[in-house]
Amino acid sequence: MPNAVVMTGYGPPEVLKWAEAPLREPGQGQIRIKVKAAGISPTDLALRAGYLREAIPLPPNTVLGFEAAGTVDAAGPGVTGTSIGDGVTALLFSLGGYAEYAVASIWTPKPDTVSWIDAAALPSSAEAAVGVLRQLNVTSGETLLLFGGGGSVGIIATQLALAQGVKVISAVGEHDETLARELGATPVRYGTDVASRVRALGAVDAVFDAAGKGVLADAIALAGGPKRVITLSDPAAADYGVTLSQPKPDRAPGALDETIALLADGRLRLRAHTSMPMQQAAEAHRQMESGNVHQRIILTLE
Ligand SMILES: NC(=O)c1ccc[n+]([C@@H]2O[C@H](COP(=O)([O-])OP(=O)(O)OC[C@H]3O[C@@H](n4cnc5c(N)ncnc54)[C@H](OP(=O)(O)O)[C@@H]3O)[C@@H](O)[C@H]2O)c1
């Protein structure tokens with residue numbers, strides 16, 4: 001039996017164990033991937049800790065991971081255009097990325113110029129960035145306020161919005177101000193009085209909350225109502241009448257194809273990331289949770 005990082009229960013990082021897990025067969029329209037790299041998302045930490053157990057209950061021995069890159073190992077019925085051995089990166093709405101083998105329904109070919117680690121860092125953040133920008137329907141000439149502009153989703157959203165001719169005001173911490181400027185956004189420091197700092201820069205047409213850290217009251221005030229405010233993770237969204245954008249297959253079809261092409265051409269920058277062997281997933285969760293590492297961790301397999 002192959003191995004995976006099995007979640008033996010809700011709790012601290014130690015619940016993650018490198019253990020045997022059944023080899024799944026790909027179903028209709030699915031492929032199985034021999035995984036080389038898998039991204040860790042902040043959502044994985046919340047799922048593991050049990051904070052989301054009401055909204056997203058997990059079965060026993062769940063394998064976390066919304067994204068994985070590797071080679072195609074098997075194809076289910078109805079799969080065309082993909083051969084065994086092809087390099088791909090996949091978005092795993094049903095989780096399972098922290099494993100030697102993952103089954104995927106949504107994937108894109110990995111160009112040779114993109115590393116396995118970069119490929120694994122892309123899918124979940126890119127899909128969310130593309131999806132929310134489409135839902136906000138921001139157009140050229142408008143101004144978008146982005147909370148979390150230094151994060152994995154925020155960096156991608158910034159670049160995609162700017163490329164569409166949208167002006168981006170990026171609410172970031174001090175350490176991400178230079179990054180926001182380099183990308184072409186106007187940085188403002190998040191935290192107390194962020195609303196007045198944004199107002200000083202002019203009117204805002206829409207707000208993308210890619211931080212989820214209690215910014216919705218400010219967002220609504222700045223956008224003139226909740227209609228064009230979308231959050232990825234603020235649990236108070238419903239209280240404010242704000243849309244909580246959920247990962248769903250119809251949110252951003254084509255997002256992986258669009259963004260991997262930009263990554264391959266050097267036209268898309270990802271949040272800084274480092275890598276660790278997948279067997280050390282518990283330690284990787286511990287480090288990300290500590291807040292001391294200002295970068296993402298991608299799990300790798302030899
Ligand atoms: N619903 C979905 O489909 C979906 C998909 C992907 C991710 N998510 C969720 O979306 C959120 C962002 O994901 P991510 O991967 O981009 O996370 P990330 O890389 O950790 O980025 C979060 C960013 O938010 C910043 N931040 C913290 N407090 C802030 C505040 N008060 N105002 C503005 N920015 C602030 C952080 O800055 P510092 O470095 O200064 O702390 C960081 O740059 C997470 O909660 C994640 O679980 C949801």
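I count two residues as in contact if their C-beta atoms, placed from the backbone, lie within 7 Å. With that rule I looked up the contacts in the protein chain between residues at least 6 apart in sequence, and found that 64% of them join residues at least 24 apart.

Before going on, I note that this is a predicted model, in which local features need pLDDT of at least 70 and side-chain atom pairs count only at pLDDT 80 or more, while totals for chains, interfaces and linings use all residues. Residues are numbered from 1 along each chain as its sequence is written.

Overall form. I find 10 helices and 16 strands in the protein chain, where helices (H or I, at least four residues) and strands (E, at least two) are DSSP runs, numbered from the N terminus. The C-alpha trace spans about 60 × 40 × 30 Å along its principal axes. I then checked the radius of gyration, taken over C-alpha atoms, against the globule rule of 2.2 Å times the number of residues to the power 0.38; the chain has 19 Å, which agrees with the value near 19 Å for a compact globule of 302 residues.

Burial. I call a residue buried if 20 or more other C-beta atoms lie within 10 Å of its own, exposed if 12 or fewer, and partly exposed in between; buried residues make up 48% of the 302 in the chain.

Helix 10. Which residues of helix 10 (residues 281–290) are buried? I list Ala281, Ala284 and His285, and they lie on the same side of the helix because they cover an arc of only 100° around the axis, the arc being that of the directions from the helix axis to the C-beta atoms. What covers them includes strand 1 (3–7), strand 2 (16–20), helix 1 (42–49), strand 15 (273–277) and strand 16 (296–300). After helix 10 comes glycine 291, with a positive phi near 75°.

Domains. By an automatic or database domain assignment, the chain is divided into domain 1 (3–122 + 271–300) and domain 2 (126–244). Their contact takes 5 residues from domain 1 and 6 residues from domain 2, and the C-alpha centres of the two domains lie 27 Å apart.

Ligand. I looked at the 28 residues around the ligand, of which Gly148, Gly151, Gly173, Tyr190 and Ser233 come nearest; a residue is near a molecule if its C-beta atom, placed from the backbone, lies within 6 Å of it. Helix 1, helix 3 (123–136) and helix 4 (152–163) are the elements that give two or more residues to this shell, which draws at least three residues from each of domain 1 and domain 2.
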